[in-house]
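I begin with a term that the later entries rely on.

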Amino acid sequence: MDQQVVDLLNATQAADREVRTSAEQQLKTLQEVEGNYLATSLINIGATTSYPITLRQSALLILKLTIARTWSLQFEEFVGTALEPKVKAVIRRELFQILQSPERKLRSLAANLVSKISSADFPDEWPELFDDLLSMLKSPETQSIHGALSILKELLDDGFTFEQFASVASQVFEALYNLATLSTIDLGTKADTMDTVRAALNFFNQVQTEGESMNAFVSQAVDVWSTVFSNNLALPYTDEARKAGLVLLKHNTAKAIQQMDSTFPSETKPYLISRLFSSVWADLRNSAVLYASVYTSGNSDEDFSDPEGEARYIKMLPLEEMEFIRQCIPNHQIQAFFKNSAENMNSFIDLSVTMGQVSVEDEDDWKEDANAFVTEELSLSPKYTCRTASSDLFLEMSDHALDPLIDALKTRMISLASTSSAEWRPLEASLFLLETVLVQDRTYGKQLGRSPTIDQLLQIISNGVSSANVFLRGRSYVFSGTLCRNLKDILAASDISDKLFNSALQAASTDSSFIVRACCLLAIQRYLSAYPRRHSKATQMAIVESVNSLIADSADETPSLLVDSLEAAIKISPDLAILPDSQIIALLFASAAKDASNIQLTSDTFEAFEYLAQNINVANFQKFCETAIPPLVAGLSTAPNGDELPNATLIVNLLSILVNHAPTPLPSGLVDFVFPKVANILLVSDDNQLLQYGSEFVAHIIQQDAEQLRNWRDIQGKSGVEVVLNIVARLLNPAVEESSAMCVGEVVSEIVDKYGRDLGELLGQLLSATAQRLASASNPMFVQNLILVYAHMVTIDPQGVVNFLADVDLDGLTGLESVVRSWLANFDVFKGFQEIRLNVLALAKLYMLHDQFIESIPVEGDLIVEDTNIIITRSRAKNRPYKFTTIPAHVKILKLLIKELGSIPSDSNIASRAGILPGAATSDNTVTNVDGEDIEWEDDFNPAEFGMTMSELQKLARSESNGYDSDEDNGEEPIGYFQEKGGDEETNETLINFFRTLCANERERFEEICQNYCSQAEKDILKRWQPTFV
């Protein structure tokens, strides 16, 4: 049997796919038919040292699947007959033998299997597990110890329950302590022990550790282990110790310290200063020297190819230690340690500069791929390096000891600049760290503006931009832009900023280095944010030349830098930016086309283009169209191999933005030049983003110039209106996904508004089709888009809309029933000031009709809360759907408007005028009314839960993104796309007037409905606002 399984395992590694598939199927059949024999053979193969390592690994991996499927009913994967007890016993015994293997990969696999089995068998069916584990920990054999430690980590990660571990915790920690302090074991084993201690501490972090006995145990353990950790970090960095695993030991110790401080902060506090901080700080200064000798000197002979080698941990150790120091800095005693000692602060600066230097590895990577440098400079790299950690540590210190920190850094920078050393790294790192603080705090800089400091810094910049080293040269330019932005008030009276700006502007297009030119663009953005009105077309053209020099080789995040730079150029003078020779529009499109799937990049592009469309002189809009439209339309003309046009989504949205901000009527010929291309795409494309943007484009065309579209004809003689109706018919087809048709309601509304009287019977068919699509819609945002069609019509002719929908038949329901039910069920998740205002006004008008059709429609009312002591689990909840009362539609309308009334903030203008007393917000999202009772605020709308159109997603990205260097605060309050209800005064006035009318004209009916249907919370809202209804 063993040989058969060996042959099958070898066959699973064959190059021939059919051979592999056949072997895998035979193994699966054996598992189903001869599970006991297969499991026995697999463990035998895994435990036999004469077999190749790869075969033994393969056997254990297949055994892992077999155990999951055949060991215990407790396992989710269990599908067959359980293995016999004697087979299980053999597997458990042999796994412990494999744990003593010298091969780490085999030990790891065996430990994983032991952990899996123990979760089902320990302690009832495997009572000896823990005793065997302790015996292995006490073994003189290194392999046995490593095997036992592997099991412990697996059990702590995903095996032990708290009750199981609590009963043996003291024995485990005692055994680990003995290993950690045993002088005869090697440093590698001690390092593995420290990692197991970290896992044990992390286990406590995930469970409750309350109780007097447990607290006493924890206090003692923290005392003991803080001493062990301190002793480990005090070990000297000899060559012999390094080769034996000292760096890994210290790395694992540093991680264990962080875990202990995180898990037991109160118990750790007495030892934080005297043992932990002092030990980590002392070792960090030494590990930084070791790191520099390996990673920044360029003279190291370390083997960087081994992912588990010492070189990796030489980099990881200071990362862990810097993170711990960063976490300690908020402690006042540790702040005093640095603030009150110039020596300590200078040591901190030395450390920060050492760790902030560009490593040889990064230098080589960035020279080979300059885009990787830009990505790092924009803080968008996923890599967390020692340089990054150093800047984070420096920023943390700046939050608590800014002035002494900067004073010490200035001294160090001036000293570095005055030396004749050709080494550029320390000075570049110093500028990098100071710039980090300036970027973080734009108000900081006055201390730097005083003489002689400012003169010394300017001299450092002057020397830096002349350096032969591209990284120091680039850093000097970026720093100059940041410095001038922060010191704009101080430097305003001098020509220093202009000189530095002109230097960066010239280098942005003439410097031989891609890296330096990119840095100059960053600097220019910062100059322009500080002095937006002091530049001209020459500045625009210099930025264009720089972007032109970079765009061909740009990738990753560099296109975002180019788009941001072009936007800065546009803001200098939008009217100059639209001239054909400026190339700005073409470059903007080309930059975005580099990665049109990048949401942040395209949203930045749309923002820049929208700013241009909004801010050019109306008289120049024709020139804007002549410059912008031809290259965009050209991108819609051909598709390689008949595939989807690669940048169609980007182009259509840019055209939509242009049309939306165009003057009315549109420039002559615009519809004829643009509409056919977009219409053809909308009639055949299945891309949801493209259909969304295309729908918005069509709606804007109708809104801006309905007459030009009406008069347009295609080659078959169809009018623009006919083509639009065909597009709408396609989007309303249930075969098209709701996400694709998310904006079709806007198009329908514009058609009704601009062409309704000319459509005749087609208008009824269009509105019936819209109601039919609404009946099956599920996405609330799609529902809202369709309902807005009827809401808009109701505000104009409420009775006409009701009569029309009452005559529409939708599979047994009237259109009125279908629309009203969907409308009222989704009203709570509607968003947007204008949309909510329109809905409130439309519902108020429907209510005031007192129409018998509406009042006869039953809809869902309040949630029925079951009086039960049963704990409702997820599985039970699936079988116990929510139940609601049933109420007439007009009552539901009234309840929704009361709820909307309750969302008006007490500090709004209308509340202030009415003398409504402010409520007190509470932690559970309620507000206390004037009677001291709690009223629940309406839950905030969560866009992620209901989905968004791509346009909304772009707006959200723009409103939330800071970018590398966002624009200066222009004094305007930023408006997010998703607004909280209750913030629109016009909507509030509509609500107040509605309830005022009810109280004045039909008070008895109003009070009767409130008495019979309103909850106490709704009555409280009315009571609170009652003074305004008189």
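Before the entries, I note that helices here are DSSP runs of H or I with at least four residues, numbered from the N terminus. I also note that I am working on a predicted model.

Entry on R92. I looked up where R92 sits and found this residue in helix α5, which covers residues 85-98. Buried or exposed, I asked of R92? Its relative accessible area is 12%, and since buried means under 20%, R92 is buried. Setting aside neighbours within four places in sequence, I listed the contacts of R92 as W71, I117, D121, E125 and W126.

Entry on G46. I then turned to G46, which belongs to helix α3, residues 35-47. The relative accessibility of G46 is 0%, so I recorded G46 as buried. When residues up to four places away in sequence are not counted, G46 touches R56, A59, L60 and I98. I also checked a pair lying 60 residues apart along the chain, and the C-alpha atoms of G46 and L106 are separated by 8.4 Å.

Entry on α1 and α4. Next I asked at what angle helix α1 and helix α4 pack. For α1 (residues 2-11) and α4 (residues 53-70) I found an angle of about 100 degrees, with the two axes 10 Å apart. Angles of 65 to 115 degrees count as roughly perpendicular, and therefore I noted α1 as roughly perpendicular to α4. On the α1 side the contact is made by V6, L9 and N10, while α4 brings L55, S58, A59 and I62 to it.

Entry on the core. I looked up the largest nonpolar core and found that it has 333 residues. Which residues have the most contacts inside this core? They are I91, F165, W225, F624 and F995. The helix that gives the most to this core is α27, residues 514-530, with 13 residues.

Entry on the backbone. Most residues other than glycine have a negative phi, and most peptide bonds are trans, so I searched for departures from both patterns. The peptide bond from F122 to P123 is cis, with omega near 0 degrees, and P123 is placed in the loop between α6 (104-121) and α7 (129-137). A cis peptide bond also runs from T664 to P665, again with omega near 0 degrees, and I located P665 in the loop between α34 (648-660) and α35 (670-682).

For phi, I noted that S379 has a positive value of about 60 degrees although it is not a glycine. S379 is in the loop between α19 (370-377) and α20 (386-398), and its relative accessibility of 60% makes S379 count as exposed. Q583, likewise a residue other than glycine, has a positive phi near 65 degrees. I found Q583 in the loop between α30 (574-577) and α31 (584-593), where its relative accessibility of 36% puts Q583 among the partly exposed residues.

Terms used: Residues are numbered from 1 along each chain as its sequence is written. This is a predicted model: local features need pLDDT of at least 70, side-chain atom pairs count only at pLDDT 80 or more; totals for chains, interfaces and linings use all residues. Side-chain values use heavy atoms; hydrogens and water are left out. Axes are lines fitted to C-alpha atoms, for helices over the stretch in contact, and angles run from 0 to 180 degrees between N-to-C directions. Helices (H or I, at least four residues) and strands (E, at least two) are DSSP runs, numbered from the N terminus. Angles under 35 degrees count as roughly parallel, over 145 as roughly antiparallel, 65 to 115 as roughly perpendicular and the rest as oblique. Contact means heavy atoms within 4.5 Å. A nonpolar core is a set of buried Ala, Val, Leu, Ile, Met, Phe, Trp, Tyr and Cys residues joined through side-chain atoms within 4.5 Å. Buried means under 20% relative accessible area, exposed over 50%, partly exposed in between (1.4 Å probe, protein chains only).
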